[in-house]
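Take a guided walk through this model, residue by residue. Keep the sequence beside the coordinates as you read.

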Amino acid sequence: MELPKLKILDEKHKILHTTSKEVTFPVDKDTQKLCYDMIKYLEMSQDEKIAEKYNLRAGMGLAFIQLGIPKRIFVIANEMDDGTFDEHIIINPKIVSQSEEMIYVGEGEGCLSVNREVEGIVPRNARINLEYYDFEGNKKTIRAREDLSVAFQHEIDHLNGILFVDRIDKKNPYKDQDKMREL
Ligand code: NI
């Protein structure tokens, strides 16, 4: 399998701090192909041997803005216990409800655009309900919990020009840890 050629921008690029624009429908074929390439890239990045060969960091989510394209689209490839992938292509997402309960990733969140070690935790809602669109413009809904909920919130932040590091309290990187559940 050949690794799709994607140029993922580092956090120093200002475009990562801008708001992406709503997508119109139907989504063109090139954009659809790019979504599938992004998913393939993420899945290959989560394979240890391939990651070593191509010197990749493992990632489960990627937003268009990370490729320098300011469209409100992101993809997720979440590896399941049986080794298959739960794949999502999410367009023009909107969080319609969220749990009161907050969670955080204990080892810290990661991002393919943040190439450094980061101290601290990011508060996320344990569960969210999301509205989004498919390529044809059909409205869909999905309920996400735990890791997938964190991934969706992380990627939606990208569409709004926010990186996970922006959500970490600089003076107190583990602020409110006792009020949240660790993942
Ligand atoms: Ni990210």
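The model is predicted.

Start at leucine 16. This residue sits in the segment before helix 1, which spans 29-45. Is leucine 16 buried or exposed? Its relative accessibility is 0%, and buried means under 20%, so leucine 16 counts as buried. What surrounds leucine 16? Setting aside neighbours within four places in sequence, its contacts are Leu9, Asp10, Glu11, Ile65, Gln66, Ser113, Gly161 and Ile162. Take isoleucine 65 from that list. Leucine 16 and isoleucine 65 are 49 residues apart in sequence, yet their C-alpha atoms are 6.3 Å apart in space.

Stay in the segment before helix 1, where proline 26 lies. The peptide bond from phenylalanine 25 to proline 26 is cis. Its omega is near -5 degrees.

Now step into helix 1, which holds threonine 31. Threonine 31 has a relative accessible area of 7%. That is under the 20% cut-off, so threonine 31 is buried. Which residues touch threonine 31, beyond its neighbours within four places in sequence? They are Phe64, Lys71 and Ile73.

Move on to helix 2, residues 48-54. Glutamate 52 is found there. Exposed means over 50% relative accessible area, and glutamate 52 has 67%, so glutamate 52 is exposed. Glutamate 52 also belongs to a patch of negative charge on the surface. Which residues gather in this patch? They are Asp47, Glu48, Glu52, Glu79, Asp81 and Asp82.

Asparagine 55 lies in the loop between helix 2 and strand 1, the latter being 61-63. Its phi is positive, about 55 degrees, although asparagine 55 is not a glycine. The relative accessible area of asparagine 55 is 71%, over the 50% cut-off, so this residue is exposed.

Asparagine 92 lies in strand 3, residues 85-98. Asparagine 92 also has a positive phi, about 45 degrees, without being a glycine. Is asparagine 92 buried or exposed? Its relative accessible area is 6%, under 20%, so asparagine 92 is buried.

Asparagine 55 is exposed in a loop, whereas asparagine 92 is buried in a strand.

Terms used: Residues numbered from 1 in each chain as written. Predicted model: local features only at pLDDT ≥ 70, side-chain atom pairs only at ≥ 80, totals over all residues. Heavy atoms only, no water. Patch = residues over 30% accessible without salt bridge, like charges linked within 9 Å, V, L, I, M, F, W, Y side chains within 5 Å. Areas by Shrake-Rupley, 256 points an atom, 1.4 Å probe, with all protein chains shown as cover. Salt bridge = Lys/Arg side-chain N within 4 Å of Asp/Glu carboxyl O. Lys, Arg positive; Asp, Glu negative; His and termini not counted. Charge placed at Lys NZ, Arg CZ, Asp CG, Glu CD. Helix = DSSP H or I, 4+ residues; strand = E, 2+ residues; numbered from the N terminus. Buried < 20%, exposed > 50% of the residue type's maximum accessible area, 1.4 Å probe, protein only. Contact = heavy atoms within 4.5 Å.
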